[in-house]
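Biologist: Please show me the model. I want to know what stands behind each label you use.

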Amino acid sequence: MDAGIIVLSLLLIGLYIGGGIHSSRIRHLHRWPWFRYVCWTAGVFCVWGATGSTIADQAHHDFRAHMLGHLLLGMLGPLLLVLAAPVTLLLRTLPVSAARNVSRLLRSSYAGFITHPVTATVLNIGGLWLLYTTPLYSMMHGNPWIHGAVHLHVFLAGVLFTTAMIYIDPVAHRFSFLYRIVVFIFALAGHGILSKYVYAFPPDGVPQLQAEEGAKLMYYGGDVIDAAIIFILCLHWYKAAAPEKGRETARR
Amino acid sequence: MSAKHIQPNRHHYTKRTLWSGLLFGIGLAAFIDETIFHQLLRWHHFYDQSTTDVGLISDGFFHAFSWFATIGGLFLFADVRRRNGLSLTRWWGGVLTGAGAFQLYDGIIQHKLMGLHQIRYVENILPYDLVWNISAVLMIITGVFLLKRSSGKGEIFHA
């Protein structure tokens, strides 16, 4: 299993770098920025760390390791991968006809539904509430299929949530800054409240001390990554609201 | 056309400055609460068994809001400043009012009514509560005074 994840990780990194270098050679396109390569590689490593490293092994019996894994898989990994703008890279690397199909998919009502800030928040935070306040957490450790499905959900919901909040790749169904910020505050509150709930009422089979430390990691770790998302969201507003924009372009 | 851009919209900027100050003040108070009382002094507890459900929810929302408010307030500050519309007096008025209001809410509603953690786990907590809440009221009074003084005319700060 470990070897499979390593191969998959290297493949994803290789494809991304290949796409970046290849598309940078096309004359009318600008060079693919180096920091996006860094984000992608770091993001893939986060996901690998959560699923294929010793953290994943320890997570079976240690709630702190489990929580560290979830921060990497559901928050930091998705943030870094979204910052790497993979859809933009895909669109400029693919042949035009294939790229059209991708963009049709992005404009579909299904994509609009799942990337709606409220849907993404419910899938992301709601899923976590389900995991930690029901017997799902202890069931997951007995059944590898449930284990896999939960982790896949945590990862995908994290990517969806980040995509719904900060617009790095082209987004067909857009929402105002204020709308996204209000939904984001609800999501952050739901995350913080759940952390304290886990601290007070540990999931089945988790010792109190591990639950307390894991809950604090969830609370403060989540805060740090959410602060990065808020910063990016505000920065986008700051750039969009720039007063000089019209004048500067007129002068040039 | 360019004259319209150079002439600042005073009313718009005073409002935005006030919002920037209030948001940053709330965020600052929450940040100080977290770093000094939770982390450095360790007087506050992460969770207290006496916390009510509504206390937990209130705390969660305030924490989330203040986290956004700190960053959002600073971006608003940068925005008013780049438009040359900043009045520092007004901004400080907003900061003190926001910080005082948050601290008073935390001290009266959250600590006392909702049973969220106490300021410090000692036998006689009254002096701590008094210092906490009186300092909050003083901040609000100073803040509102500064806001009153700076309303309307607006001393313009040039970058």
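Modeller: A crossing is called left-handed if the near helix is turned anticlockwise from the far one by less than a right angle. The crossing of α2(A) and α4(A) is left-handed. Keep in mind that this model is predicted.

Biologist: What makes α2(A) roughly antiparallel to α4(A)?

Modeller: The angle. Helix α2 (residues 34–52) and helix α4 (residues 63–83) of chain A pack at about 160°. Angles over 145 degrees count as roughly antiparallel. Therefore α2(A) is roughly antiparallel to α4(A). Their axes lie 8 Å apart.

Biologist: Which residues make the contact between these two helices?

Modeller: From α2(A), they include A:C39, A:W40, A:A42 and A:G43. From α4(A), they include A:G69, A:L72, A:L73 and A:L76. By class, the contact has twelve nonpolar residues, five polar and no charged. Gly is counted as polar here.

Biologist: Why does A:A85 count as partly exposed?

Modeller: Buried needs 20 or more neighbours, and exposed needs 12 or fewer. A:A85 has 19 inside 10 Å, so it counts as partly exposed. A:A85 lies in the loop between α4 and α5 (86–93) of chain A. Its phi is positive, about 50°, although A:A85 is not a glycine.

Biologist: What makes B:N84 partly exposed?

Modeller: B:N84 has 14 C-beta neighbours inside 10 Å. The partly exposed class falls between the exposed limit of 12 and the buried limit of 20. Therefore B:N84 counts as partly exposed. B:N84 is in the loop between α3 and α4 (88–113) of chain B. Its phi is near 55°, a positive value in a residue other than glycine.

Biologist: How many residues does each chain bring to the contact between chains?

Modeller: Chain B brings 19 residues and chain A brings 21. On the chain B side, α1 (2–6) and α3 (53–82) each supply at least two residues. α3(B) gives the most, with 14 residues. By class, the side of chain B that touches chain A has twelve nonpolar, five polar and two charged residues.

Technical notes. Residues numbered from 1 in each chain as written. Chains lettered and ligands numbered in written order. Predicted model: local features only at pLDDT ≥ 70, side-chain atom pairs only at ≥ 80, totals over all residues. Contact = placed C-beta atoms within 7 Å. Helix = DSSP H or I, 4+ residues; strand = E, 2+ residues; numbered from the N terminus. Axes fitted to C-alpha atoms, helices over the stretch in contact; angles between N-to-C directions. Parallel < 35°, antiparallel > 145°, perpendicular 65-115°, else oblique.
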